[in-house]
Amino acid sequence: MQGSVVELQARVMVTFRISNQPDLQIEFVVDTGFEGALTLPPSAVSALGLPYLTELTANLADNS
């Protein structure tokens, strides 16, 4: 696996292979405090046909 460091964040590109659809590539920030969950954008959840485990609205540090 190869990645890059952008603004002190380790990042990797993960390719999801979906039957009868083009590959879906998503860049992830590697979290050294990983606790077993993967967060995906809603478009990726839909494209992969995954169920929502939890939907969470959050306020980020930049107030977005």
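I took the radius of gyration over C-alpha atoms, and the globule rule as 2.2 Å times the number of residues to the power 0.38. The model I am reading is a predicted one.

**Overall form.** For a compact globule of 64 residues I would expect a radius of gyration near 11 Å, whereas I find 14 Å for the protein chain. I then looked up the extent along the principal axes, where the C-alpha atoms fill a box of roughly 35 × 30 × 20 Å. Of the 64 residues, 14% are buried, and among the contacts with a separation of 6 or more, 11% join residues 24 or more positions apart.

**Elements and core.** I noted 1 helix and 3 strands, which follow the order β-β-β-α from the N terminus. I next listed the largest nonpolar core, whose 7 residues are V12, F16, I26, F28, L40, A44 and V45; at least two of its residues come from each of β2 (9-16), β3 (24-29) and α1 (42-48). For V45 I set aside the neighbours within four places in sequence and found contacts with L40, L50 and Y52.

I read a volume of about 700 Å³ for the largest pocket, which is lined by 16 residues, with L38, T39, L40, Y52 and T54 the closest to its centre. Its lining divides into 13 nonpolar, 2 polar and 1 charged residues. For the second largest pocket I recorded about 220 Å³, and its lining includes F28, F34, L38 and T39. By class I counted 6 nonpolar, 2 polar and 2 charged residues there.

Notes. Residues are numbered from 1 along each chain as its sequence is written. This is a predicted model: local features need pLDDT of at least 70, side-chain atom pairs count only at pLDDT 80 or more; totals for chains, interfaces and linings use all residues. Side-chain values use heavy atoms; hydrogens and water are left out. On a 1 Å grid over the protein atoms alone, a cavity is a set of points where a 1.4 Å probe fits but cannot get out, and a pocket is an open set with protein on both sides within 12 Å along at least five of seven lines; lining residues have an atom within 4 Å of a point. Grid points are joined across faces, edges and corners, and a volume is the space filled by probe spheres set on the points. Ala, Val, Leu, Ile, Met, Phe, Trp, Tyr, Cys and Pro count as nonpolar, Asp, Glu, Lys and Arg as charged, and the others, Gly among them, as polar. A nonpolar core is a set of buried Ala, Val, Leu, Ile, Met, Phe, Trp, Tyr and Cys residues joined through side-chain atoms within 4.5 Å. Buried means under 20% relative accessible area, exposed over 50%, partly exposed in between (1.4 Å probe, protein chains only). Helices (H or I, at least four residues) and strands (E, at least two) are DSSP runs, numbered from the N terminus. Contact means heavy atoms within 4.5 Å.
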